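Hello,

Here is the structure I promised to pass on.

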Amino acid sequence: MITMYAWPSTADGPDALPMVHFTTDRQESGEVTADGTPVWVFDTAIREGGWALFSDFEGWSAPAEGWQAFYRREDDLLAVSGPGPCEGWYQGNLGADADWVEAASARQSVVLLAAPVQHPSLFGYAVEAGAAFALLVPLAVL
């Protein structure tokens, strides 16, 4: 069983975007490419679920088709679901602070970020390597 982890963050600025970084306790799927590079455990789901490379702003700046998310303040629960292999993408506590909840309430959308890294602080390295993905998802804050 693979455990998924989620960390909330917000982009700086007056129109802060709520974001959620996703990673897993296992990075490799057991498959390798023709040149022997290990395949990320979420590679197929990301590509089939409509995610775009983080560097492709046009690809992820509009709400993703078939995706939905909700955040429940009372118990800090985030649930995210997408099409195909991304159905039931995540459900669990987020650890969101007041700034994240305020930004989420104001925007009613969330930027999902995923990369084969162990912690969000390493996301920049994944962006540089072309291995970071993003998605803009409608969000209901309850």
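**What I found**

Of the chain's 142 residues, 42% are buried (under 20% relative accessible area with a 1.4 Å probe, protein chains only; exposed means over 50%, and partly exposed lies in between). Please keep in mind that this is a predicted model: local features need pLDDT of at least 70, side-chain atom pairs count only at pLDDT 80 or more, and totals for chains, interfaces and linings use all residues. Residues are numbered from 1 along each chain as its sequence is written, and side-chain values use heavy atoms, with hydrogens and water left out.

The chain has four helices and 10 strands (DSSP runs, H or I of at least four residues and E of at least two, numbered from the N terminus). Their order along the sequence is β-β-β-β-α-β-α-β-β-β-α-β-α-β. The C-alpha atoms fill a box of roughly 45 × 30 × 30 Å along the principal axes.

Helix α3 (residues 98-107) is worth a look: its buried residues are W100, V101, A103 and A104. Seen down the helix axis, they fall within an arc of 165 degrees, so they line one face of α3 (the arc is that of the directions from the axis to the C-beta atoms). The face turned away from that buried side carries the exposed residues A98, D99, E102 and A106. Among the elements covering the buried residues of α3 are β1 (4-10), β2 (18-24) and β10 (133-141), with contact meaning heavy atoms within 4.5 Å.

Best wishes
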